[in-house]
Amino acid sequence: MARQKLKSLITSFTPDGDFLAVLSPNGVVKIWSTIDGSLSAEWKPSDEDPVVGHSCIACSFVGKKRKKERGTLLLALGTNDGDIMAINVFTGERKWKSTGGHPGGLAGLAFANKGRSLHVVGINGMVSELESQTGELLGEFKASKKSISSSAFLFDAKVCALAGVGIRVLSLENGKEILKFSDDVVPVHCISISDDAKTIVTSGSGEKHLQVWRCDFNSKTASGGPVLSMRHPPLAIECKQGCNEESGAVILALSESGVAYVWHLKNDSQGEEINPAKITVKANKADVDQQNSVNMKKNRSAIIAARLNAVETDGRVIALISYGSIDSPQFSLVNIGIPGENIVIAAGDAADNVQENGLPTGKGPHDSELEVEAASAKNKKRSKKRAASDPDLATTREIPDAGNGEDIDGVLVDDDLNEPTMGEKLESLSIVDTDKPKINELQESSPAKPPSADSVNVLLKQALQADDRALLLECLYTQDKKVIANSVSLLKPADILKLLQSLVSIAQSRGAVLACALPWLKSLLLQHASGIMSQESSLISLNTLYQLIESRVSTFQSALQISSCLDFVYSGIIDGEVEEDTAVIPIIFEDKDDSDEEESEDAMDTDEEEEAADGIRDFEGSDAMSD
């Protein structure tokens, strides 16, 4: 499934996780059973209903659900205009519709009291409680003067967490603020609160990390906890209490790329790196042939929705995920026992021989094929795979590939059984015989490839951890925009601050090194601005960078005037050189001798005398004739 299509879906599980409601962009809602994967109900807007956009949904059974009875499953739909509509999905009956109560749109819906009441949060900051069967208003209060973008409820403690320009934690009984956050919190897009109300997780719009907050209701304050990095921005997040007080919390996040991450936090985990368990779905051959999207090219199917089903006493986490097509999604229960492991689920392919992921065998989709990477040493030698390691993940369980030559996370894997061994490759290089001409020919025939983001990221982390300036400069000389963006996105919070300090120190210099460091500094600030601002230790570097920019900018006007003067003087010099170098047209003089001129004059006089004598003779002749 393409990323844009996944972002356009709105999903909601029932409180017990037995059903999943999927709202498509065309307004059709389908209710799927997570137990057997069947389509339980479908609702379509009537032709008389106006075409409106929806912002949130919620579904829940009303009252106690009996095994022999189907019960009443209510679906609440919230529109962008602030209208609310409740539907009995099994009968298709519209129970009620509320209009005009929340102008500007809705930020969240949640059922409470076993589905008997519905809590509504408007973007305008109003929080109200409705009777779910009739839509009667039971109570409301003004929660915030600023706009709200997301909400989370904890009904056992009667606590509501609201997020927008800031974060507010209020009591549902009287609407008073019971927890104080600092005013410099960056705008929040998603929020979740644990069931013990000790941990809150937030994420900003477009940000590729989660911010964890520790809540202390005794002092009514919240302090910043660890920052959890992701490859892509999250679509949904969920937080639950750990198995005991020492274990902290368990956090699940579903990214825009259709990958789920699960973190195990401890109460004392502040600056240390926390590696998540990563859950991906390997597409079957039929899906690869039928669909042509970004994830399918990586041989991966997107996860549509995910939730934390249970946290066991031994620390294991049971997650329920839905993946595949929205027309026929599949469901699986994933058993996460080792933090930082890489779990791959095989989308139901009867031809593949897979194993269960530590769950009891059954016939439902919860017991679907879970491909666990526990290949024997014999299979590893036969496949001879050499995948690029992901430094962000501590443990990666290897899986046998489907022969497409690409790992489940898009990392290229060499899976050619006919590939020559390392000894054969060395022999082809003729290193033992020191045949230099052959080596040179081989180097000329294979052009050098540009460095990849994985290799640059590994070198960059080594340089930051070892404080190696030479190695850091070697990484900074890479100027490919995609490599820079991908390498910076893979950094962890500790490495981000180290890189910022190094780049600020380089920015104080001039020359080619500064020109190479500027694209890295720009990408770092664009991708991790909120994470950097949330760390107090980064204020010194940011202040130094600000002062440096101000000092450089202050001289810009005078430098511009000098440049203009130099351009004017230079243009005058060029014009003078052009006038001096213009071609001179030659003037030709003819030199004549004076003797030649005198001879010509004498000849002219002689000719005139002869003509006069001839005239006299003619006159005398005519006189004689007359006599």
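Hi everyone, let's start with Trp-263, which counts as buried at 0% relative accessibility. Keep in mind that this is a predicted model. The partner of Trp-263 is Tyr-261, and the two form a stacked aromatic pair, with 5.9 Å from centre to centre and 25° between the planes. Tyr-261 is buried too, because its relative accessible area is 6%, and buried means under 20%.

How many aromatic pairs does a search of the whole structure find? It finds 5. Another of them is Phe-61 with Phe-90: here the ring centres are 6.1 Å apart and the planes meet at 50°, so this pair is tilted. Phe-61 and Phe-90 are both buried, and together with Phe-19 they make up one aromatic cluster.

There is one more ring I'd like you to find, that of Phe-13. The charged end of Arg-307 sits over this ring, 5.8 Å from its centre.

Now let's move to the surface. Which residues form a nonpolar patch there? They are Phe-568, Val-569 and Ile-573, and together they have about 330 Å² of accessible area. Take Val-569 as a landmark: you will find Val-569 in helix H14, which covers residues 556-580. Is Val-569 buried or partly exposed? Its relative accessible area is 48%, so Val-569 is partly exposed; to count as exposed, a residue needs over 50%.

Note on methods:
Residues are numbered from 1 along each chain as its sequence is written. This is a predicted model: local features need pLDDT of at least 70, side-chain atom pairs count only at pLDDT 80 or more; totals for chains, interfaces and linings use all residues. Side-chain values use heavy atoms; hydrogens and water are left out. Patches are made of residues with over 30% relative accessible area and no salt bridge: like charges are joined within 9 Å, nonpolar side chains (Val, Leu, Ile, Met, Phe, Trp, Tyr) within 5 Å. Accessible areas come from the Shrake-Rupley method with a 1.4 Å probe; for residues, only the protein chains shown count as cover. A salt bridge is a side-chain nitrogen of Lys or Arg within 4 Å of a carboxyl oxygen of Asp or Glu. Helices (H or I, at least four residues) and strands (E, at least two) are DSSP runs, numbered from the N terminus. Buried means under 20% relative accessible area, exposed over 50%, partly exposed in between (1.4 Å probe, protein chains only). Rings of Phe, Tyr and Trp (its six-membered ring) pair if their centres lie within 6.5 Å; planes under 30 degrees apart count as stacked, over 60 as edge-to-face and the rest as tilted. A charge sits over a ring if NZ of Lys or CZ of Arg is within 6 Å of the ring centre and within 35 degrees of the ring normal.
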